[in-house]
Amino acid sequence: MIKIKSYGSGSKGNLYLVSNSKTNIILECGLGIETIKSMLNENKLQFKDINACLSSHVHQDHSQSIAYLYDYNIPCYATNETRIKYNLSYENFTPLNDNTLYKINDIQIISIQVHHGKTDCFGFIFKDKDNMILFITDFMECKKNLKKFKFNEIFIECNYIEDLWETNRYNEDNDLELENKYKRQLNTHQNLNNLITHLQNMDLSKCDKITLIHISEDIGNRDIMKNTIEEEFGIECVALLPNGVEY
């Protein structure tokens, strides 16, 4: 059975370990290499035990350690933007493409292109013989029809609440820099209302848990977000803290 454990979720760095009894995958590598080593130690793993690294997109909070992992001869799956930024060769590197099936040992992975501004960005479906998990971060819109998949668990971005953006917007004494920052978030990240619409367009009949990830610290609210999702769908919902701990 596939499990995903988080060690970082948010704009300061993202890091997850995807594993089952045979396979270990680093998902996102947006924290320093020492933090990654600590994650491996906690799980009694070494770099030689890691079968692959997946990075959703080029932004530093999702990719900053990919060159280190590449130097450990870990196969890396990422965008070409990421390969160019970190000067990776094509050897041991696989570029991500939309709606493509990859197989890493006994785990099947389908890449899903999502809208994250001008940056190429991908979500992932992880599947083995026991379960199926959806993971999407840093997106404003996902156009792929996901109704045919029966996910057992979902990890998905819920970055901000529109009402909190409006409140902060008018409480910051017309701070232009802050307002521009918020506008970038609106154009590149997922809000609570849009997330509800995305989830309504999925088959959640087999879903036991929804984990909200990459939550804004200033225009997000974990209590409101998880309570709203639980009330709307009747499914257990947790919201990750920046260090990856469930809230």
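Author: What follows is a talk about the sheet, a helix, the cores and a hairpin.

Author: This is a predicted model, in which local features need pLDDT of at least 70 and side-chain atom pairs count only at pLDDT 80 or more, while totals for chains, interfaces and linings use all residues. Residues are numbered from 1 along each chain as its sequence is written, and side-chain values use heavy atoms, with hydrogens and water left out.

Reader: What order do the strands of the open sheet have?

Author: The order is E7-E8-E9-E10-E11-E12-E13, seen in an open sheet of 7 strands with mixed pairing; strands here are DSSP runs of E with at least two residues, helices are runs of H or I with at least four, and both are numbered from the N terminus. Two strands pair if DSSP finds at least two bridges between them.

Reader: Which strands stand at the edges?

Author: Strand E7 (100-104) and strand E13 (236-239) do, and each has a single partner strand, so one side of each is left without a neighbour in the sheet.

Reader: And how do E11 and E12 pair, parallel or antiparallel?

Author: E11 and E12 pair in the parallel sense over 5 bridges, and Ile156 stands opposite Leu212 in E12.

Reader: Switching to helix H7, which residues are buried there?

Author: In H7 (residues 192-200), Leu192, Leu195, Ile196, His198 and Leu199 are buried, where buried means under 20% relative accessible area, with exposed over 50% and partly exposed in between (1.4 Å probe, protein chains only). They cover an arc of only 160° around the axis, which puts them on the same side of H7; that arc is taken from the directions from the helix axis to the C-beta atoms.

Reader: What covers them?

Author: The cover includes strand E11 (153-157), strand E12 (209-213) and helix H8 (222-233), contact meaning heavy atoms within 4.5 Å.

Reader: Which residues have the most contacts inside the largest nonpolar core?

Author: Those are Ile154, Ile210 and Leu212, in a core of 32 residues; such a core is a set of buried Ala, Val, Leu, Ile, Met, Phe, Trp, Tyr and Cys residues joined through side-chain atoms within 4.5 Å. H7 gives the most to this core, with 4 residues.

Reader: Last topic, how many bridges join strands E1 and E2?

Author: Strand E1 (residues 3-8) and strand E2 (residues 15-19) pair in the antiparallel sense over 5 bridges, with Ser6 opposite Tyr16 in E2. Their hairpin has 6 residues between the strands, and Gly10 takes a positive phi near 145° in that hairpin.
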